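Subject: Structure for your files

Hello,

Here is the structure I said I would pass on. My notes on it follow below.

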Amino acid sequence: MDRSSSSLEISERICAVFIPLIGIIQAVVLSFTACFDHHLPPKKLQYTIDDLLTVNEVEALLELFKKLSNSIIDDGLIHKDDLKLALLKTPASDNLILDRLFALFDEKKNGAIEFEEFARALSVFHPRAPMEAKIDFAFRLYDLRQTGFIEREEVRQMLNAILLESGLQISEESLEVIIDNTFADADADKDGKINKVEWKAFATQHPNLLKNMTLPYLRDITTMFPSFIFKTEVED
């Protein structure tokens with residue numbers, strides 16, 4: 001069996017990368033459900049939270065946000081240690097995936113996540129979010145150095161972090177095969193890095209790549225936080 005055929009198929013390879021990552025997003029949404037009996041600059045993507053989320057969904061996200069934001073310091077903001085404590089059970093753990101997610105949620109880059117940032121970032125994973133938004137988020141996730149390109153070393157770092165997170169072990173040779181095949185498919189101009197246009201074409205050609213960028217939980221979040229629904233319903 002040759003090196004190429006011994007690796008996962010392209011969509012399986014990339015989806016396998018995203019499964020543990022999206023598990024962390026799901027954990028953010030679901031971690032507190034069992035317990036329940038400020039303006040941002042304009043974005044380039046032409047959609048808003050109001051286009052995707054109902055009032056009830058926003059209120060449910062606000063309830064989740066409040067639970068996350070007071071886990072260590074009750075200041076109405078989510079700090080990185082709050083997420084680490086909620087998801088990793090300790091604020092001292094290092095986790096590249098969580099660090100990247102926090103960096104993308106923290107649009108103002110002030111070391112804390114405000115509610116609008118939280119809702120805007122999670123809205124990308126809503127079933128009604130446009131595919132362009134999902135493609136852009138995934139690109140920025142892998143662009144560790146924020147250069148506007150995805151480079152081999154960045155993919156290697158993310159793959160190693162995800163393998164560590166999921167408890168999987170593969171040989172260095174197998175890891176290189178995955179990276180080689182990914183760049184062979186995605187790096188159209190063969191300059192050793194993947195730009196945004198190449199990434200969009202790659203994701204469009206392989207729609208399964210982003211299938212885990214949609215969380216059905218967000219569409220059903222009001223059923224997980226029923227105590228908040230009464231605020232927007234007309235009383236008898």
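How many of the nine residues of helix H7 (residues 115–123) are buried? Eight of the nine are, so H7 counts as buried by the cut-off of under 20% relative accessible area for those residues. They are Phe115, Glu117, Phe118, Ala119, Arg120, Ala121, Leu122 and Ser123. Please keep in mind that this is a predicted model.

Annotation

The UniProt entry, which is unreviewed, carries the annotation "domain: EF-hand" for residues 93–128, 130–165 and 174–209. For residues 174–209, the end C-alpha atoms are 20 Å apart, with 64% helix and 8% strand in the span.

Helix H6 and its partners

Helix H6 (residues 96–105) packs against helix H8 (residues 131–142) at an angle of about 125 degrees, and their axes are 9 Å apart. That angle makes H6 oblique to H8. The crossing of the two is right-handed. On the H6 side the contact involves Arg100, Leu101, Leu104 and Phe105, and on the H8 side Phe137, Arg140 and Leu141. Sorted by class, the residues of this contact are five nonpolar, no polar and two charged.

H6 also meets helix H9 (residues 152–166): the axes come within 8 Å and cross at roughly 120 degrees. H6 is therefore oblique to H9. Leu96, Ile97 and Arg100 of H6 make this contact with Gln157, Met158, Ala161, Ile162 and Glu165 of H9. The classes here are five nonpolar, one polar and two charged residues. Arg100 is listed in the contact with H8 and again in the contact with H9.

Asn95 sits in the loop between helix H5 (80–88) and H6. Is Asn95 buried or exposed? Its relative accessibility is 9%, so Asn95 counts as buried. Asn95 and Ala161 are 66 residues apart along the chain, and their C-alpha atoms are separated by 7.5 Å. Ala161 is also one of the H9 residues in the contact with H6.

Helix H8 and helix H11

H8 packs against helix H11 (residues 196–205) as well, at an angle of about 120 degrees and with the axes 10 Å apart. The two helices are therefore oblique to each other. H8 passes H11 in a right-handed crossing. From H8 the contact takes in Ile135, Ala138 and Phe139, and from H11 it takes in Lys196, Trp199, Lys200, Ala203 and Thr204. By class these are five nonpolar, one polar and two charged residues.

Val155

Val155 counts as buried because its relative accessibility is 9%. Which residues does Val155 contact, leaving aside its neighbours within four places in sequence? They are Tyr142, Ile150, Ile179 and Phe183. Val155 and Asp143 are twelve residues apart in sequence, and the C-alpha to C-alpha distance between them is 8.6 Å.

Regards

Key:
Residues are numbered from 1 along each chain as its sequence is written. This is a predicted model: local features need pLDDT of at least 70, side-chain atom pairs count only at pLDDT 80 or more; totals for chains, interfaces and linings use all residues. Side-chain values use heavy atoms; hydrogens and water are left out. UniProt positions are given in the numbering used here, feature names are shortened, and annotations may be inferred rather than shown by experiment. Helices (H or I, at least four residues) and strands (E, at least two) are DSSP runs, numbered from the N terminus. Axes are lines fitted to C-alpha atoms, for helices over the stretch in contact, and angles run from 0 to 180 degrees between N-to-C directions. Angles under 35 degrees count as roughly parallel, over 145 as roughly antiparallel, 65 to 115 as roughly perpendicular and the rest as oblique. A crossing is left-handed if the near helix is turned anticlockwise from the far one by less than a right angle, and right-handed if clockwise. Contact means heavy atoms within 4.5 Å. Ala, Val, Leu, Ile, Met, Phe, Trp, Tyr, Cys and Pro count as nonpolar, Asp, Glu, Lys and Arg as charged, and the others, Gly among them, as polar. Buried means under 20% relative accessible area, exposed over 50%, partly exposed in between (1.4 Å probe, protein chains only).
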